Amino acid sequence: MQFSPEALYGIAAVLVLIGLIGTFLPILPGVPLVFAGMALAAYAGEFSRIGRSTLIVLGLLTILALLVDFLAASLGAKRAGASRTAIVGAALGTLIGLFMGPLGLLLGSFAGAVGGELLATGKAQHATHVGFAAWLGLVLGTLFKLALTFAMIGIFAAAWLIE
């Protein structure tokens, strides 16, 4: 079955919109969906407006956004002087939280970092500080991921318009 370019553009637009929603909702792989939509639009246009170099840049930004998304909570905890156990806990909490919806994502990194720090040091006040730093890292990482997503959209739009 072959789709018309118009149908492919429509599917691409839907993928980008769902991807934008996914930058906020942890259930959806937001940035990869945005990239998939852009790649599909490039394909639908036979790569005449969006070439390989633009797709490579967009792909690299996608990878960067995924790395930031995964590492942000761990780096936040590390910055607060967390133990290695707390950093691993923040990463695991973030990963587990991805499957528990928005509340799980918000609390997963915090809970993982607190649990890890309590195991390592037994100091509740420091563990709470580390947990908050992990949570803040996650929030800042999400904002950075959102900025990268909008940068991708800007690069795509500029390449499309410049032709």
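The following legends describe an overview and several close-up views of a predicted model.

**Figure 1. Overall architecture of the predicted chain****.** The chain contains six helices and zero strands, in the order α-α-α-α-α-α along the sequence; helices (H or I, at least four residues) and strands (E, at least two) are DSSP runs numbered from the N terminus. Its C-alpha atoms fill a box of roughly 60 × 25 × 20 Å along the principal axes. Of the 163 residues, 42% are buried, where buried means under 20% relative accessible area, exposed over 50% and partly exposed in between, with a 1.4 Å probe and protein chains only. Among contacts (heavy atoms within 4.5 Å) with a separation of 6 or more, 64% join residues 24 or more positions apart. Residues are numbered from 1 along each chain as its sequence is written, and side-chain values use heavy atoms, with hydrogens and water left out. Because the model is predicted, local features need pLDDT of at least 70 and side-chain atom pairs count only at pLDDT 80 or more, whereas totals for chains, interfaces and linings use all residues.

**Figure 2. Surface and charges of the chain****.** The chain exposes about 9,100 Å², of which carbon and sulfur atoms supply 75%; accessible areas come from the Shrake-Rupley method with a 1.4 Å probe, and for residues only the protein chains shown count as cover. The mean positions of the 7 positive and 5 negative charges are 18 Å apart. Lys and Arg count as positive and Asp and Glu as negative, without His and the chain ends; each charge is placed at NZ of Lys, CZ of Arg, CG of Asp or CD of Glu.

**Figure 3. Helix 2 and its cover****.** The buried residues of helix 2 include Gly 30, Val 31, Val 34, Gly 37 and Met 38. Helix 1, helix 3 and helix 6 are among the elements that cover the buried residues of helix 2.

**Figure 4. The largest nonpolar core****.** A nonpolar core is a set of buried Ala, Val, Leu, Ile, Met, Phe, Trp, Tyr and Cys residues joined through side-chain atoms within 4.5 Å. In this core of 19 residues, Val 34, Met 38, Ile 50, Leu 55, Leu 58, Met 152 and Phe 156 touch the most other members. Helix 1 (5-22), helix 2, helix 3 and helix 6 (124-162) each supply at least two residues of the core, and helix 2 gives the most, with seven. Another core, of 12 residues, lies apart from this one and includes Ala 73, Leu 105, Ala 113 and Leu 138.

Figure 5. Thr 149 lies in helix 6 and is buried, at 0% relative accessibility.

**Figure 6. Positive phi values at Glu 46 and Phe 47****.** Most residues other than glycine have a negative phi. Glu 46, in the loop between helix 2 (30-44) and helix 3 (52-79), has a positive phi of about 55° and is exposed, at 68% relative accessibility. Phe 47 is found in the loop between helix 2 and helix 3; its phi is positive, near 60°, and its 40% relative accessibility makes it partly exposed.
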